[in-house]
Amino acid sequence: MRYCWIDYAKVMALFLVVMGHLPTDTGTCHKLIYNFHMPFFFFLSGLLHKEKSINSDVKRLLIPYLSLNVLMLILESPWIYRKEHSFGFIGETLSGIVYPLNMPISYPTWFLLSLFEIKLLVRLAQTVYAKTAMAIGCVVLAAFVISDDWELPFFLAATINAMPYYIIGIATKGFFLTDIRNRHRNALAGSVLMGGVFY
């Protein structure tokens with residue numbers, strides 16, 4: 001079942017991503033947008049979470065992450081070589097894609113890798129006992145508070161920060177994604193969610 005308000009919300013989230021990365025404004029409004037748009041994306045991803053095989057996640061997230069970065073490396077190599085007069089950047093960039101301690105050459109693709117890691121963690125939490133899952137949740141919550149000071153590979157710090165928003169999306173799916181007969185409640189939920197975008 002498709003919900004139009006979710007499509008609208010995703011469009012607005014994309015718009016906020018663009019606005020959040022514009023260098024023209026560094027004021028309070030810009031910072032608010034910048035801090036809001038990615039949690040909003042992960043919340044929507046959690047809201048639309050479905051049980052799929054790990055092979056499906058690899059095809060939909062991991063392979064595009066690797067492919068886009070390799071493609072960007074190929075396209076940007078002539079300009080990088082002209083600037084550095086050396087091919088040493090190729091090895092460094094490839095290692096950065098596989099082990100992105102800082103950022104890959106196609107920086108926006110970090111979202112794909114973090115989302116893949118979150119789905120792995122959710123799958124892990126669903127296969128262990130409740131107490132273990134609770135313990136993992138406590139660790140993730142604690143890490144969420146302090147992860148801004150961490151320098152972790154594979155965007156794990158970003159993954160830890162995004163995990164709570166994804167879980168909130170999963171937890172509230174029953175409220176937001178009700179049966180189509182509950183049109184008024186869907187409309188209200190969508191209005192509240194969209195209102196949060198402009199708050």
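This report walks through the salt bridges, the aromatic pairs and a nonpolar surface patch of one structure.

The model is predicted, so a local feature needs pLDDT of at least 70 and side-chain atom pairs count only at pLDDT 80 or more, while totals for chains, interfaces and linings use all residues. Side-chain values use heavy atoms, with hydrogens and water left out, and residues are numbered from 1 along each chain as its sequence is written.

**Salt bridges**

Take a salt bridge to be a side-chain nitrogen of Lys or Arg within 4 Å of a carboxyl oxygen of Asp or Glu. The count then comes to three.

| Pair | N to O distance |
|---|---|
| Lys-10 and Asp-7 | 3.8 Å |
| Arg-60 and Asp-57 | 3.8 Å |
| Arg-123 and Asp-57 | 3.1 Å |

Asp-57 turns up with two partners: Arg-60 and Arg-123. The Arg-123 link spans distant parts of the chain, with Arg-123 in helix 5 and Asp-57 in helix 3, 66 residues apart. Arg-60 and Asp-57 sit three residues apart in helix 3 (residues 54-84), about one helical turn. Helices here are DSSP runs (H or I, at least four residues), numbered from the N terminus.

How buried is Asp-57? Asp-57 has 3% relative accessibility and counts as buried, where buried means under 20% relative accessible area, exposed over 50%, and partly exposed in between (1.4 Å probe, protein chains only).

Lys-10 is partly exposed at 29%, and so is Asp-7 at 21%.

**Aromatic pairs**

Rings of Phe, Tyr and Trp (its six-membered ring) pair if their centres lie within 6.5 Å; planes under 30 degrees apart are stacked, over 60 edge-to-face, and the rest tilted. That gives five aromatic pairs. One of them is Trp-110 with Phe-155, tilted, with 6.4 Å centre to centre and 50° between the planes. Trp-110 lies in helix 5 (residues 110-126) and Phe-155 in the loop between helix 6 and helix 7, so the pair ties together parts 45 residues apart in sequence. Trp-110 is buried at 13%, and Phe-155 is buried at 9%. Ring pairs also gather Phe-41, Phe-42, Trp-110, Phe-111 and Phe-155 into a cluster.

**Surface patch**

Val-98, Tyr-99, Leu-101, Phe-154 and Leu-156 make a nonpolar surface patch with about 440 Å² of accessible area together. Patch members have over 30% relative accessible area and no salt bridge, with nonpolar side chains (Val, Leu, Ile, Met, Phe, Trp, Tyr) joined within 5 Å. Phe-154, in the loop between helix 6 (130-146) and helix 7 (156-171), is partly exposed at 31%.

Conventions: Patches are made of residues with over 30% relative accessible area and no salt bridge: like charges are joined within 9 Å, nonpolar side chains (Val, Leu, Ile, Met, Phe, Trp, Tyr) within 5 Å. Accessible areas come from the Shrake-Rupley method with a 1.4 Å probe; for residues, only the protein chains shown count as cover. Helices (H or I, at least four residues) and strands (E, at least two) are DSSP runs, numbered from the N terminus.
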